Amino acid sequence: MAQVLNVIQRNQASLLTAWMKSMQLGIRRRDLISEAELQSQTEEVLATICSVPAESPLDNLNAAAWQSLREILASLSVSRASQGFTPSETALFILSLKSPVFALVRQQSGNDADQLYASITEIDSFIDKLALLTTDSFIHGRDQVISRQQEEMLELSTPVVTLWDGIVALPLIGTLDSARTQIVMESLLQAIVQTNSRFAIIDITGVPTVDTLVAQHLLKTITAARLMGAECILSGIRPQIAQTIVHLGINLQDVITKAKLSDAFKLALERSGRTVTRIEKTIRPNQ
Amino acid sequence: MERIPILRMGNLLLVTIQVDMHDKLALTLQDDLTAKIADLGAKGVLIDISSLEIVDSFIGRTLANIASMARVLDAQTVVVGMQPAVAITLVELGMSLPGIRTALNVESGMEYLQQTTSPDLSEEADVDRED
């Protein structure tokens, strides 16, 4: 059973050279990883394979003997994912071990065809399992990156700014989904309470599309703000979005809408009894 | 029996809800308030719910009913100080309470009521002269 592993362990040095060579024939991303780094990673993986007891089962990767190999491959795949490798490039790293090992096994078994077939089947399924493991870890690493970025975006996406005493604005940027709208709604209502604002301007200049769901979320926010005693003004509606809203049959009759944020701000100032005037200055020439 | 106090300020009534509303309490408030409005001929009702943290559809509907009843009795109702969580809950329950006037706090609610309810003819004349 473990003969193949024994063969690998005895020929560690020659296998390393052959593996590096086989990798160079395949896809090598010199722009993403240096030769020296690749060499050291290859050495590490091979050394780990060789350090397990020779009688370890090749058909069960979950065995305790393979624990350290699994860990090394997993961390390697995760780092590949963040470096920008594709999944197939990451899998190829392991798969390119196949041909050197096959050559080695062929050399060892001589003319015994049955033994050659048995060994190759064994080592083939072993390396396939390793490759699948790297792919799984790779995708897991990607998922982690994506979910972290999502969290960061959620944190960034709800800045409520005070425009004037009693007037707050919420500039929305990006697509609105249910989770985001919930946070947007809560932070706006919180800000209304904290700043004691009678007017809230929701600016949707940065929202690329408005569908029925987004409109419904916006209407909910506006209604909730009204229940608390604040007036909401919707601004930054682009012509295209105005067309979409009408075509979708969304009723914005009860909502004050303005084309630009400045118009909304002006209205809020007017309603709170303020006006903006230009001060005429006598321009004196420099002496 | 537990009751919510109703305070009188001139021709306005002031209700501050400081305990958790349960259904019976809400109905008692509805009875008391309508009776008080009719008795005193109040022109405005201010309901402060800033301490109210839990609201259900029944309480929401009762508030709407109180406002409508007050309207029938010729009094304006303003609900002030609704908490964000309460507002979100009401909206999620599909109760946008379209008939109710709202204000941020007691101060702005009072301001609104004093503006809209000046039934005394002499007071109205004062306002006209100021204009």
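Predicted model: local features only at pLDDT ≥ 70, side-chain atom pairs only at ≥ 80, totals over all residues.
Local features need pLDDT of at least 70 and side-chain atom pairs count only at pLDDT 80 or more, whereas totals for chains, interfaces and linings use all residues. Residues are numbered from 1 along each chain as its sequence is written, and chains are lettered from A and ligands numbered from 1 in the order in which they are written.

Chain A has 11 helices and 5 strands. Helices (H or I, at least four residues) and strands (E, at least two) are DSSP runs, numbered from the N terminus. Of the 287 residues in chain A, 27% are buried; a residue is buried if 20 or more other C-beta atoms lie within 10 Å of its own, exposed if 12 or fewer, and partly exposed in between, with C-beta atoms placed from the backbone. Two residues are in contact if their C-beta atoms, again placed from the backbone, lie within 7 Å. Among contacts in chain A between residues at least 6 apart in sequence, 77% join residues at least 24 apart.

Two packed helices are described by the angle between their axes and the distance between the axes. In chain A, helix H8 (residues 178-195) and helix H9 (residues 212-227) have axes that come within 10 Å and cross at roughly 20°. H8(A) is therefore roughly parallel to H9(A). Axes are lines fitted to C-alpha atoms, for helices over the stretch in contact, and angles run from 0 to 180 degrees between N-to-C directions; those under 35 degrees count as roughly parallel, over 145 as roughly antiparallel, 65 to 115 as roughly perpendicular and the rest as oblique. The crossing of H8(A) and H9(A) is right-handed, that is, the near helix is turned clockwise from the far one by less than a right angle. On the H8(A) side the residues include A:Leu188 and A:Ile192, and on the H9(A) side A:Ala224 and A:Ala225 are among them. By class, this contact has 7 nonpolar, 3 polar and 1 charged residues. Ala, Val, Leu, Ile, Met, Phe, Trp, Tyr, Cys and Pro count as nonpolar, Asp, Glu, Lys and Arg as charged, and the others, Gly among them, as polar.

Strand S3 (residues 199-206) of chain A runs parallel to S4(A) and is joined to it by 5 bridges; two strands pair if DSSP finds at least two bridges between them. A:Phe199 stands opposite A:Glu231 in S4(A). Strand S4 (residues 231-235) of chain A is mostly covered, with 4 of its 5 residues buried.

The contact between the chains takes 15 residues from chain A and 14 residues from chain B. On the chain A side, H8 and H9 are the elements that give two or more residues. That side has 7 nonpolar, 4 polar and 4 charged residues.

Chain B has 5 helices and 5 strands, in the order β-β-α-β-α-β-α-β-α-α from the N terminus on. Buried residues make up 36% of its 131 residues.

Most residues other than glycine have a negative phi. B:Asp74 has a positive phi, near 65°, and lies in the loop between helix H2 (57-72) and strand S4 (76-80) of chain B. B:Asp74 is partly exposed because 13 other C-beta atoms lie within 10 Å. B:Leu97 also has a positive phi, of about 45°, in the loop between helix H3 (84-92) and strand S5 (101-103) of chain B. With 20 C-beta neighbours inside 10 Å, B:Leu97 counts as buried.
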